[in-house]
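Please examine the sequence and the three-dimensional structure shown below.

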Amino acid sequence: MFQEGEIIGGYRVCRLLGTGGMAEVYEVEHLGLRKRLAMKVFVGEGKHAALLRERFLAEGRLLSRIDHPHVVKAYDLGGEGPDERAYFTLDLHLDADGNPATVENECRRHAVTESRVRDWYADVREALLFIHAQGLVHRDVKPSNLLLDAQGRARLSDFGVVRFSGALKEELAIETTFVTGLDARHAAIMGTYRYLAPEIQAEGVATPAADMWALGMTVFRLLTGIDYVPQTNAFKLLSHYDPCWRRIVPRLLDPDPDKRTMLELESGSFWKRVRRWAAAFAIFLVGAGMGWAGGRMSGSVPDELEEVDVDALVDRAFEIPDWIK
């Protein structure tokens, strides 16, 4: 473990942010730019340490290549020599308490609104669609691996157990899909048990559908505060929320991986659909009034009708609060 003030590469260590099985994360300051960043440092040991170290470096190279607004970005990588401490730097995202700004920590600090869950779902969905198209499976989607930027939008992070395939696997010289370095007959199950898809628990092989399951488990937990339990009537709990979730979440948590899909959020929530219905009804009433007037006074419907401020009309008629607009 590094101490405050120690120098790694061109960075001064400020403090330890967190630890994992194979890495530690520090807040550091670039000595030249005076910019604060996060630094992930490899600390793995044991007989597979050399292979794990290469995978760690591959994670840094991968995150430097991925260019997506909802995937964390790596900027600098060091320690490629065999006797050097491997590390890479990332954007630093901290909450008001100085802790890593993750969805998990945000839920501990505040009661999370449904609108925020909608935003986070949309962000992670876009990120997963992007990485899946690159031949990647994240394998560890969960609230603690979703960082929040300054605008409160989610960024997928921690690609330490990502499953590579296709061109990226060759480009980054990944020798094996499994982080343990063992062959398929001894493949370890990667991920967090709470969010593991049933086919991974049964067969151990992760596909993009496994990330969809983990996203579904995450959304269900963010909405309801409890874990989804398969083969129960748990989906009834979604009746307390926007109807879009009763369409989206069951498709993410389908027991058949071939039937899973990440449906896009509708252009409007339930309340926005109410607004559209109300607007249509208001226009009908206006049109009916014009029709009645036209029956008494010959002439066509005036052009000014086309410029009716529908939102203002609906707001006056239904007094819709600002928070659902």
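## Gln 3 and the cysteines

Gln 3 is placed in the segment before strand E1, which covers residues 7-8. The model is a predicted one. In it, Gln 3 counts as partly exposed because its relative accessibility is 48%. Although Gln 3 and Cys 14 are 11 residues apart in sequence, their C-alpha atoms lie 8.0 Å apart in space.

Cys 14 itself counts as buried, at 10% relative accessibility. Cys 107, by contrast, is partly exposed, with a relative accessibility of 31%. How many disulfides does the structure hold? The number is 0.

## The chain as a whole

The protein chain contains 9 helices and 8 strands. It has 325 residues, and 43% of them count as buried. Among the contacts in the chain with a separation of 6 or more, 54% are between residues 24 or more positions apart.

Arg 53 lies in helix H1. Is this residue buried or exposed? Arg 53 is buried, because its relative accessible area is 11%, and the cut-off for buried is under 20%. Leaving aside neighbours within four places in sequence, Arg 53 is in contact with Phe 42, Gly 79, Glu 80, Gly 81, Pro 82, Glu 84 and Ala 86. One of these, Pro 82, is 29 residues from Arg 53 in sequence, and the C-alpha atoms of the two are 9.5 Å apart in space.

Lys 142 is located in the loop between H3 and strand E7, the latter being residues 146-148. Lys 142 is also buried, with a relative accessible area of 17%. When neighbours within four places in sequence are set aside, Lys 142 is in contact with Thr 192, Tyr 195 and Thr 218.

## Positive phi angles in loops

Arg 34 is not a glycine, yet it has a positive phi of about 55°. Its place is the loop between E3 and E4. With a relative accessibility of 57%, Arg 34 counts as exposed, since exposed means over 50%.

Gln 231 likewise is not a glycine and has a positive phi, of about 60°. This residue is found in the loop between H6 and H7. Gln 231 counts as exposed, at 82% relative accessibility.

## The buried face of helix H7

Which residues of helix H7 are buried? In this helix, which comprises residues 244-252, they are Cys 244, Trp 245, Ile 248, Val 249 and Leu 252. Viewed down the axis of H7, these buried residues fall within an arc of 90°, and therefore they line one face of the helix.

## Enclosed cavities

Rolling a probe the size of a water molecule over the atoms shows where empty space is left. In this model, 3 cavities of 30 Å³ or more are counted. The largest cavity has a volume of about 70 Å³.

The lining of the largest cavity is formed by Arg 139, Asp 140, Val 141, Gly 191, Thr 192, Tyr 195, Leu 196, Ala 197, Ile 200, Ala 210, Asp 211 and Ala 214. Helix H6 gives the most to this lining, with 3 residues. Sorted by class, the lining has 7 nonpolar, 2 polar and 3 charged residues. Thr 192 and Tyr 195, which belong to this lining, are also among the residues in contact with Lys 142.

## The largest pocket

The largest pocket holds about 1000 Å³ of space. It is lined by 39 residues, and those nearest its centre are Gly 20, Val 25, Lys 40, Asn 145 and Asp 158. Two or more lining residues come from each of strand E2 (11-19), strand E3 (23-30), strand E4 (36-42), helix H1 (49-65), strand E6 (87-90) and helix H2 (103-109).

Which element gives the largest share of the lining of the largest pocket? That element is H1, with 5 residues. By class, the lining of this pocket has 19 nonpolar, 12 polar and 8 charged residues.

Methods
Residues are numbered from 1 along each chain as its sequence is written. This is a predicted model: local features need pLDDT of at least 70, side-chain atom pairs count only at pLDDT 80 or more; totals for chains, interfaces and linings use all residues. Side-chain values use heavy atoms; hydrogens and water are left out. Buried means under 20% relative accessible area, exposed over 50%, partly exposed in between (1.4 Å probe, protein chains only). Helices (H or I, at least four residues) and strands (E, at least two) are DSSP runs, numbered from the N terminus. The arc is that of the directions from the helix axis to the C-beta atoms. On a 1 Å grid over the protein atoms alone, a cavity is a set of points where a 1.4 Å probe fits but cannot get out, and a pocket is an open set with protein on both sides within 12 Å along at least five of seven lines; lining residues have an atom within 4 Å of a point. Grid points are joined across faces, edges and corners, and a volume is the space filled by probe spheres set on the points. Ala, Val, Leu, Ile, Met, Phe, Trp, Tyr, Cys and Pro count as nonpolar, Asp, Glu, Lys and Arg as charged, and the others, Gly among them, as polar. A disulfide is a pair of cysteine sulfur atoms within 2.5 Å. Contact means heavy atoms within 4.5 Å.
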